[in-house]
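Dear colleague,

I am handing over the structure we spoke about, and I would be glad if you could look through it before reading my notes. My comments come after it.

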Amino acid sequence: MHIEAIIASDIPWQAQALCAQTGGDFFFPEPGSSVREAKRICGLCESRAACLEYALAHDERFGVWGGLSEKERLQLRRTPDSK
Ligand code: SF4
């Protein structure tokens, strides 16, 4: 789960992670469910850029990270000059 992963980590940006305060269910919805609420929370999160960078660097495949869904992160990785 996202929250446990964030709370258990010593990575500095995770101390400001809004998802640690709001609940992880938004960030790992059932297949076909909306990620709109997770994205809204990410849009308010100070750690968004660092979170997205971390997810891309660690090839996180599931859930919303840094405001992007799994599909959006995959598209970003496939886009030339995306790094
Ligand atoms: S950007 Fe979103 S997923 Fe990343 S730490 Fe912030 S709230 Fe959590």
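The protein chain averages a pLDDT of 87, and 84% of its residues score at least 70. Among the elements of the chain, helix α1, residues 2-8, has the lowest mean pLDDT, at 50, whereas α3 has the highest, at 97. Where pLDDT is low, the predicted coordinates should not be read in detail.

In its secondary structure the protein chain has 5 helices and 0 strands, so that the order of elements from the N terminus on is α-α-α-α-α. Of the 83 residues of the chain, 27% count as buried, and among contacts between residues at least 6 apart in sequence, 39% join residues that are at least 24 apart.

The largest nonpolar core has 14 residues, and those with the most contacts inside it are Phe27, Ala38, Ile41, Cys42, Val64 and Trp65. Both α3 and α4 supply at least two residues of this core, and the largest share, 3 residues, comes from α3. Val64, one of the core residues named above, touches Phe27, Val35, Ala38, Lys39, Cys42 and Ser69 when residues up to four places away in sequence are not counted.

In α4, the buried residues are Arg48, Cys51 and Ala55, and because they cover an arc of only 65 degrees around the axis, they lie on the same side of α4. These buried residues pack against α3 and α5 (70-78), whereas the face of α4 turned away from its buried side carries the exposed residues Ala49 and Ala57. Just after α4, Asp59 takes a positive phi of about 50 degrees.

As for the ligand, which residues around it come nearest? Of the 14 residues around the ligand, these are Ala17, Cys19, Cys42, Cys45 and Cys51. The elements that give two or more residues to this shell are α3 (36-43) and α4 (48-57), and by class the shell has 10 nonpolar, 3 polar and 1 charged residues.

Cys45, another of the nearest residues, has its place in the loop between α3 and α4, and it counts as buried because it has 20 C-beta neighbours inside 10 Å. Leaving aside its neighbours within four places in sequence, Cys45 is in contact with Ala17 and Leu18. From Cys45 to Cys19 the separation is 26 residues in sequence and 8.4 Å in space, C-alpha to C-alpha.

With best regards

Technical notes
Residues are numbered from 1 along each chain as its sequence is written. This is a predicted model: local features need pLDDT of at least 70, side-chain atom pairs count only at pLDDT 80 or more; totals for chains, interfaces and linings use all residues. A residue is near a molecule or strand if its C-beta atom, placed from the backbone, lies within 6 Å of it. Helices (H or I, at least four residues) and strands (E, at least two) are DSSP runs, numbered from the N terminus. Ala, Val, Leu, Ile, Met, Phe, Trp, Tyr, Cys and Pro count as nonpolar, Asp, Glu, Lys and Arg as charged, and the others, Gly among them, as polar. A nonpolar core is a set of buried Ala, Val, Leu, Ile, Met, Phe, Trp, Tyr and Cys residues joined through C-beta atoms within 7 Å. A residue is buried if 20 or more other C-beta atoms lie within 10 Å of its own, exposed if 12 or fewer, and partly exposed in between; C-beta atoms are placed from the backbone. Two residues are in contact if their C-beta atoms, placed from the backbone, lie within 7 Å. pLDDT is the predictor's confidence in each residue, from 0 to 100. The arc is that of the directions from the helix axis to the C-beta atoms.
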